[in-house]
Number of protein chains: 2
Amino acid sequence: MDKEERFVKQITPKSEDFSRWYLEIIRKTEMADYAPMKGIMVIRPYGYAIWENIQRLLDNRIKEAGHVNAYFPLFIPESFLQKEMEHLEGFAPEVAWVTQGGQEQLEERLAVRPTSEAIIGSMYAKWIQSYRDLPVLINQWANIVRWEKVTRPFLRTTEFLWQEGHTAHETEEEAQAETIRVLSMYKEFVETELAIPVIEGRKSPRQRFPGAKETYAIEALMSDGKALQMGTSHNLGQHFSKVFDIRFEDREQKQQYAWQTSWGVSTRLIGALVMAHGDDSGLRIPPQVAPIQAVIIPISLGNWKESVLPVALGLENELLQAGLRVKIDAREEFTPGWKFSEWEMRGVPLRLEVGPKDVKAGRAVLVRRDTSKKEFAALTGLKEQVRKTLQEVQSSLFDQALKFQRENTRRVADYAEFKEVIESKRGFVVAWWCGDEACEDRIKEETMTTIRVIPLKLEAKESPGACITCGKKGRELAYFARAY
Amino acid sequence: MDKEERFVKQITPKSEDFSRWYLEIIRKTEMADYAPMKGIMVIRPYGYAIWENIQRLLDNRIKEAGHVNAYFPLFIPESFLQKEMEHLEGFAPEVAWVTQGGQEQLEERLAVRPTSEAIIGSMYAKWIQSYRDLPVLINQWANIVRWEKVTRPFLRTTEFLWQEGHTAHETEEEAQAETIRVLSMYKEFVETELAIPVIEGRKSPRQRFPGAKETYAIEALMSDGKALQMGTSHNLGQHFSKVFDIRFEDREQKQQYAWQTSWGVSTRLIGALVMAHGDDSGLRIPPQVAPIQAVIIPISLGNWKESVLPVALGLENELLQAGLRVKIDAREEFTPGWKFSEWEMRGVPLRLEVGPKDVKAGRAVLVRRDTSKKEFAALTGLKEQVRKTLQEVQSSLFDQALKFQRENTRRVADYAEFKEVIESKRGFVVAWWCGDEACEDRIKEETMTTIRVIPLKLEAKESPGACITCGKKGRELAYFARAY
């Protein structure tokens, strides 16, 4: 057994224990670590660099769609949350409360924001007077605290990072259009940059955001067949604007309540990326969000420091100049084989090897993380080859995930088959639902399965079948799955 | 009195009431607003866009100097703060405490981070084992809470945003070099991008960060003659590494404690920018950090929508393409004069007017915010002219501030003159200090003046004079000032 094998063997195979594999990947790649408090994690530089790429790429889209960023307070007075009981009851079990400031006991408890509708609503009431002030299209990047009982790094932690958009509009139609526009933006972003295909759709009323009129989400399949909610977009109607008195004078000089939306994605996307693309050797990070897109490994043979190293350093410099995120690993205390596994585990999309023979031949060896395919490439014009290969890796990761999603999305004929598929294969199960919450609850209880989304677009129009549970006429064709 | 005049008159003149002028500017320009809780502000899009520019320009420098970003928890268990009593005592009066999570009363209170040395130290103890793991050069962008009694938007608020760097090194020399390197980076950043000249130097022992071996700071003069601390860089020695047990095996296989630094700047810089450059007409934002670098105002005369507007829109597009932050104000409900004052108040560095005559002559009118100087410029090649003018505005703001700083930095002969200058003129007073805290305290008590910094570099070497207070031999040539 050589060093490389031994090294990789340290990771529990995915097939053996997915959950342990996930936790080991997160720790060993130094994406995150446990803080000394229950359920709280530290995002280490390697994980945070992925978040920075996500932020940059999504922030560009949010701004191109006309939004601006702002920053609202971390603390929300309890009385503000109490103004909206449905909202408060939805979040109360998860709120961390500040009761003391310095030496003084506070008269009113302050919630550490579990979401910001209440505090933002109270400010919008001050800022919005006329239809001329609308639309208000504001986003914030912030930390959020929810006191979770069961936690898992990136997927569910007491504190996490996210963006939350909060908009106010003149008409119901505009708010609905914004809700869907953002949902589509999320889908395009996640599919393009994270290479994860998603299903977009409505949530069932039971799974709506507390206070929302309608909640939409994008959902993806992880490689263990469980679903993960990747982002949500809520049409809030006039619910919060009535509670917080966000009124404006309309074009006919009449007072109206504003129509609102809110929407967000979080550091959970990093967990999605691990579970959607990772394999037994470790991470496979899509090049678009990879902290390191290509690692250069000089092969330490003979007088490599004189012959190979200068060429490798020149290559690094050339690729950095071309705007690629590249790193050379010239450490002397590790063998090339050890480094191969290390960077494979860390999911770097492309490895460039340069050894004495390669230098003589004026070439490098390119090894793709997704396929392990090796090829020679001339040093001259290498940056174009690298760029092209990175694009191929990005597409190939998306294609693999899409293939997996399609193979694991199944229409079922009856409830027996539903249960059988969920038990043996997981994935998305597509079935008609009558719209009755009793059926939804029964399915959840008996199969630990929930309605993930009711798709916005169906691939083919079809007339409603029977509800999978009760047999009554189906109203919604729903995607069911076990989920994180 | 025309509309323009009336509009500007809404701001209290600086000379009449600086503090009121400041608060009015902040509110009227929509940089920030008060949240419904004491001492807490909302950073509105116009203010936040300045922060985003600050973040981008400083983050580039932080990364170029070899640091990486990460994210550490908001909550710090009380026992962690208690490990370091000096640190705890320094911050305890300002800590907001979480005592309840969901429905459960916490066994141990959690501090909402007032700074992150304790939590980061505890993680570094896990991550650092060998000299090969060093240096650790990590920065984070985060929100901070300090329960302040007297608050003022951007300058001192219960919650604020900042970056905090935390590094660990193999040797004392390296840590000291890092401390100074960051201080110089801050100075260069603030002078180049915010156009505010600063004095860099050491703090007196009394004003050290709790737990630090030495604290360095950059200090600037605001236009009312009071000083503002703009950023700090601390050499922490081995103090925290001993408390949190951050040990490593050195090159001789011996166990050593790591040498640490920490450093930060905050949203306070936005307040500095207002107070250093603003005038009676409002803000004057340095082009490098201005959300809008140039505003284009089409003059609404005659058939302006057919003749002027298309030219103005074309100009906007051309300047946006050139990477400039430009906005056209084509609102019909306001007159050009009203718009001139509005954008002057908001501190946009450059105004471009395009009227019917200008279109015919193939030109635009350029008006600089800093000098109110008008000039014609040909539409052909205008982007180069705009770029050049913005650079001139940037330099001119710095030059004005530097001139003010120099004119308001005074050497005094004795304590009587010291008091007289501070009372009548404020500014920096440069005087010898014996190093005795009794003298420092007496000056503070009698003149409300503190030692801002003991400069790193003196312009001319001179032999120590007498301490301004006690007359004993001076040990430090210090910059004194009243400060925010």
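Biologist: Which residue of β18(A) is the bridge partner of Leu352(A)?
Modeller: The partner is Leu366(A). Keep in mind that this is a predicted model.

Biologist: In what sense do β17 and β18 of chain A pair, and over how many bridges?
Modeller: They pair in the antiparallel sense, over four bridges. Strand β17 covers residues 350-354 and strand β18 covers residues 363-368.

Biologist: What is the strand order in the open sheet of chain A?
Modeller: The order is β16-β15-β17-β18-β19, five strands with mixed pairing. From one strand to the next, the twist averages 25°.

Biologist: And which strands stand at the edges?
Modeller: In chain A those are β16 (326-328) and β19 (374-378). Each has a single partner strand, so one side of each lacks a neighbour in the sheet.

Biologist: Changing topic to chain B. How many residues does helix α3 have, and how far does it reach?
Modeller: Helix α3 of chain B, residues 45-64, has 20 residues and reaches 28 Å from first C-alpha to last. That is close to the 28 Å expected at 1.5 Å a residue.

Biologist: Which residues of α3(B) are buried?
Modeller: Among them are Tyr48(B), Trp51(B), Ile54(B), Leu58(B) and Ile62(B).

Biologist: What follows α3(B)?
Modeller: Gly66(B) follows, with a positive phi near 95°.

Note on methods
Residues are numbered from 1 along each chain as its sequence is written. Chains are lettered from A and ligands numbered from 1 in the order in which they are written. This is a predicted model: local features need pLDDT of at least 70, side-chain atom pairs count only at pLDDT 80 or more; totals for chains, interfaces and linings use all residues. Two strands pair if DSSP finds at least two bridges between them. Helices (H or I, at least four residues) and strands (E, at least two) are DSSP runs, numbered from the N terminus. Axes are lines fitted to C-alpha atoms, for helices over the stretch in contact, and angles run from 0 to 180 degrees between N-to-C directions. The expected span of a helix is 1.5 Å times one less than its number of residues. A residue is buried if 20 or more other C-beta atoms lie within 10 Å of its own, exposed if 12 or fewer, and partly exposed in between; C-beta atoms are placed from the backbone.
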